[in-house]
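The sequence and the structure come first, and the description follows.

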Amino acid sequence: MDRYSRQQLFAPIGERGQQHIREKHVLVIGAGALGAANAESLVRAGIGKITIIDRDYVEWSNLQRQQLYTEEDATNRLPKAIAAAMHLRAINRDVVVEPIVADADARLLEHVVARERPHVIIDSTDNFDVRMIINDVSQKYDVPWIYGACVGSYGLSYVIVPNETPCLRCLLEEVPLGNATCDTAGIISPVVHMVVAHQTAEALKICVHAQVNRKLVSFDIWHGQYRMIDVHKLKKDDCPSCSERRTYPALQYENETKFAVLCGRETVQIRPAHRGEQEWTTLLSFLTKRGIQVEQNDYLFSFTIHRHRFVVFSDGRVLIHGTNDVQEAKRLYYQYLG
Amino acid sequence: MRCVINGEMIDLPAHIRTVAQLLQHFRIHEKIAIVEINANIIMKEKYEHAAIADGDRIEIVHFVGGG
Ligand SMILES: [Zn+2]
């Protein structure tokens, strides 16, 4: 009964606010360091429903900062969304947890947001391509979203409320290139928690219909810097995402197999234009017949050829570890899986 | 010239007189930076001409993608 008593004693939330939180649905995109921590905080806070989308599986290098996961998850190579859902349900069984193992592309995000109409979207992704999709979906379906990102000991966060604040595209004239987004610079967990603290606080405010922070917050937890900047003047009258002349450029679907280098991981991701579970099973038996040793769980199978490890997800996506070279990945992909 | 940048007093080389030069000095790409001088936000199209003066309090925020 008194599970939420301390939170309800906090006057801006109160019993009424707690009831509001209970009725809300949050969509968390990405289940890495930011996603795991945001999800855990909101599930503990008693959110009604959480949908969590992630394309990856748990690896040993994640355990240093991705707080929901255990060594067992890494050993079993569980998809992060599945592992997260399992741990979140164990933390609070009253919360409806919906995991989605998939790449958060425009088609999927638009589908999920149109169907579910979440009350807020929390950005826990690691790249700006997805963020620009989130930004457009947010504007199109009038759902606020909370940007958060960090690298090294530096982090920042900003709430985008459609029709009220400038959107991310208003603030960013172009998508930062690899270097700035790369996890080669390393990261320490306290800055993750600082970003998450801001994101979760703003999400709770949205849940209880309180006024959000309109400022762009940035900080360096190692060097002791913290600042807030009022960015309302940066709203653009001709923004292609949020102005009257909007075209939602990030939502233009493309029907082709996509190859993307995953920054700092020596991995290339391949997203086929069409491939479903049925082909996944066919592929699996095809490889086994060729005498390739395949390891599998319910969500993915993997095999190694020379120094390359292939991981094939049931939604058809493939990760090829051991290369940063798209051309080489293409060759390998078509050779073994095409 | 001495300015307070992100809360720290910093001596800048004499040739830095505009926001664009300042960003270049810190190797921050203009398009992904937000700059505030004495609590006034500077529009990106003005970086080239926006002047910096001795004693200015400057905040520079740059976007990163990690998570
Ligand atoms: Zn905009």
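The side chains of A:Glu295 and A:Arg77 meet in a salt bridge, with N and O 3.4 Å apart. The model in which this pair is found is a predicted one.

**The two domains of chain A**

The domain assignment divides chain A into domain 1, residues 2-251, and domain 2, residues 258-336. Taken over C-alpha atoms, the centres of domain 1 of chain A and domain 2 of chain A are 28 Å apart. Each side brings residues to the contact: 18 from domain 1 of chain A and 18 from domain 2 of chain A. Between these two domains about 1,500 Å² is buried, and carbon and sulfur atoms give 49% of that area. On the side of domain 1 of chain A, the three residues A:Arg55, A:Tyr57 and A:Arg77 supply 40% of the area buried against domain 2 of chain A, more than any other three residues.

Five salt bridges are counted between domain 1 of chain A and domain 2 of chain A. The count of residue pairs in polar contact between these domains is 11. Sorted by class, the side of domain 1 of chain A that touches domain 2 of chain A has seven nonpolar, four polar and seven charged residues.

**The interface of chain A and chain B**

Here 31 residues of chain A are in contact with 21 residues of chain B. The two chains bury about 2,300 Å² between them, with 64% of it on carbon and sulfur atoms. A:Glu173, A:Arg227 and A:Ile229 supply 23% of the area that chain A buries against chain B, more than any other three residues.

How many salt bridges are counted between chain A and chain B? The count is one. B:Glu59 forms a salt bridge with A:Arg227, and the closest N and O atoms are 3.8 Å apart. Seven residue pairs are in polar contact across the interface of chain A and chain B.

The table sets out the two contacts.

| Parts | Buried area | Share on carbon and sulfur atoms |
|---|---|---|
| Domain 1 of chain A and domain 2 of chain A | about 1,500 Å² | 49% |
| Chain A and chain B | about 2,300 Å² | 64% |

**The zinc site**

The zinc ion has as its protein donors the SG atoms of A:Cys167, A:Cys170, A:Cys239 and A:Cys242, which lie 2.3 Å from the ion. Along the sequence, the donor residues of the zinc ion follow the spacing C-x2-C-x68-C-x2-C. The site of the zinc ion is tetrahedral, with angles of 98 to 121 degrees among its four donor atoms. Ideal angles for four tetrahedral donors at a metal are 109.5 degrees.

Key:
Residues are numbered from 1 along each chain as its sequence is written. Chains are lettered from A and ligands numbered from 1 in the order in which they are written. This is a predicted model: local features need pLDDT of at least 70, side-chain atom pairs count only at pLDDT 80 or more; totals for chains, interfaces and linings use all residues. Side-chain values use heavy atoms; hydrogens and water are left out. Domain bounds come from an automatic or database domain assignment. Contact means heavy atoms within 4.5 Å. Buried area is the accessible area (1.4 Å probe) that two parts lose on being put together, summed over both. A salt bridge is a side-chain nitrogen of Lys or Arg within 4 Å of a carboxyl oxygen of Asp or Glu. A polar contact is a pair of N or O atoms within 3.5 Å; within protein, one must be able to donate a hydrogen and the other to accept it, and residues adjacent in sequence count only if both atoms are side-chain atoms. Ala, Val, Leu, Ile, Met, Phe, Trp, Tyr, Cys and Pro count as nonpolar, Asp, Glu, Lys and Arg as charged, and the others, Gly among them, as polar. Donors are N, O and S atoms within 2.8 Å of the metal (3.2 Å for Na, K and Ca); water is not among the atoms, so sites may look incomplete. Four donors count as tetrahedral if all angles lie between 85 and 135 degrees; four count as square planar and six as octahedral if opposite donors are over 155 degrees apart and all others between 65 and 115; anything else is irregular.
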